[in-house]
Amino acid sequence: MKTRILRDIEVSEVGMGCMAFSHGYGQIPSEQYSIEAIRNAYDHGCTFFDTAEIYSPNLSGIGHNERIVGKSLKSVRNNVAIATKLFLRVGPFGDVYKSVREHLEGSMKRLQTDYVDLYYLHRMGSAPVEKVAEAMGRLINDGLIRGWGLSQVDVDVIDRAQKVTPLTAIQNIYSMVERDSEAKIIPYCIENNIGFVPFSPIASGLLSGKITPQTQFEENDDVRNWVPQLSRANIKGNQPIVEMLKDFAAKKNATPAQISLAWMLHKYPNVVPIPGSKNKERIIENLGSSNVDLTENEFTELENALNGLKVYGHRGLGGF
Ligand SMILES: NC(=O)c1ccc[n+]([C@@H]2O[C@H](COP(=O)([O-])OP(=O)(O)OC[C@H]3O[C@@H](n4cnc5c(N)ncnc54)[C@H](OP(=O)(O)O)[C@@H]3O)[C@@H](O)[C@H]2O)c1
């Protein structure tokens, strides 16, 4: 697969979000299936894997997902980039470095590795971002992380952090129906050599065209019950976007999910999406978006069509 550089870390142009093997999209697969799916993605050229310490069934514990990712990638560790994230519960006067380091050591143990490629603060808490940036800079110097990032942040926070320790990547929600980051954040990232890693790039499945107003989500641990674009009314409202995507995909001999990813890859040179799926075949389908090259005319056609369609539901940077 083609690769991209997140500041100085080379990764496959499309990465893999591993969350759903532990949390967020209903029943989780067996550990064996999850490990096979991750290895299969690697065999198809994926070298960028996204996890977080908090990804566990019902968010009730720590490390379920990191353990699976660690087991899956142990034997190919040096050929892949692993990204994980921490939640920091330390106030303005706490020892931020000590606390971040403790979290990191836990993650490294579960991931069976002695370094993490990309370490994100999952959400801003009460610690000032400058202190977090300083701690991350020390961890880079310690050789424990190769780079660092922030998730769900706006440009002023990014700028404050960047001035202390240059960022490797920003991981925000971004898709054809969640475009807040286009105004200031992605341009800032391009200008400052920061990668941009969109999460929920298929809008939690909406842009695959497989979800209809009749689709029943699961009762337990399924974020689709509250993703704004996926309420019954909004699935209906968003049908014109899905239909446009389906028509375009048919002409291009690709799938709607692939087109939604190819669109962002074409649009920005620093974007590396991390679609999530707990289904082996769909994971490979999503990685295949790297082979769907859009011409300038095709891209403009998509962009114009999108700009002319109303999006129903908005999660934005404030949402969990
Ligand atoms: N930083 C953060 O705060 C944050 C928040 C959320 C997620 N993330 C990361 O981002 C990754 C991706 O986000 P996400 O999983 O929320 O959203 P997503 O990739 O937009 O969508 C995942 C959903 O779409 C379905 N899907 C994926 N590919 C499909 C395809 N080709 N055809 C049909 N359906 C498809 C999946 O169903 P199946 O499983 O049935 O295929 C799943 O229900 C996560 O794994 C996680 O690593 C980060």
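Predicted model: local features only at pLDDT ≥ 70, side-chain atom pairs only at ≥ 80, totals over all residues.
**Helix packing, sheet and ligand shell**

User: At what angle do the axes of α1 and α2 cross?

Analyst: Roughly 55°, and the axes of α1 (residues 31–43) and α2 (residues 64–73) come within 9 Å. Axes are lines fitted to C-alpha atoms, for helices over the stretch in contact, with angles from 0 to 180 degrees between N-to-C directions. Helices are DSSP runs (H or I, at least four residues), as are strands (E, at least two), numbered from the N terminus.

User: Which residues make that contact between α1 and α2?

Analyst: From α1 there are Glu-31, Ser-34, Ile-35, Ile-38 and Arg-39, and from α2 Ile-68, Val-69, Lys-71, Ser-72 and Leu-73. Contact is taken as C-beta atoms, placed from the backbone, within 7 Å.

User: How far apart are the axes of α2 and α3?

Analyst: They are 7 Å apart, with a packing angle of about 45°, so this pair is oblique. On the α2 side sit Glu-66, Arg-67, Val-69 and Gly-70, which meet Ser-107, Arg-110 and Leu-111 of α3.

User: And α3 with α4, how are those two oriented?

Analyst: α3 and α4 are oblique to each other. Their axes cross at roughly 55° and come within 9 Å, α4 being residues 129–141. Val-96, Tyr-97, Val-100, Arg-101 and Leu-104 of α3 meet Lys-131, Val-132, Ala-135, Arg-138 and Leu-139 of α4.

User: Switching to the sheet. What is its strand order?

Analyst: It is an open sheet of seven strands in the order β3-β4-β5-β6-β7-β8-β9, and the pairing is parallel. Strands pair if DSSP finds at least two bridges between them.

User: Which strands stand at the edges?

Analyst: β3 (16–17) and β9 (195–196) do; each has a single partner strand, so one side of each has no neighbour in the sheet.

User: How many bridges join β8 and β9?

Analyst: Two, in the parallel sense, with β8 covering residues 169–171. Ala-169 has Gly-195 in β9 as its bridge partner.

User: Which strands does α3 touch?

Analyst: α3 (residues 96–111) packs on the sheet against β5 (81–86), β6 (116–121) and β7 (145–151). The direction of α3 makes about 135° with that of β5.

User: Last topic, the ligand. Which residues come nearest?

Analyst: Gly-17, Met-19, Gly-205, Ser-208 and Gly-276, out of the 28 residues around the ligand. A residue is near a molecule or strand if its C-beta atom, placed from the backbone, lies within 6 Å of it.

User: Which helix gives the most to that shell?

Analyst: Helix α10 (residues 280–287), which gives three residues to the shell around the ligand.

Definitions and conventions
Residues numbered from 1 in each chain as written. Contact = placed C-beta atoms within 7 Å. Parallel < 35°, antiparallel > 145°, perpendicular 65-115°, else oblique.
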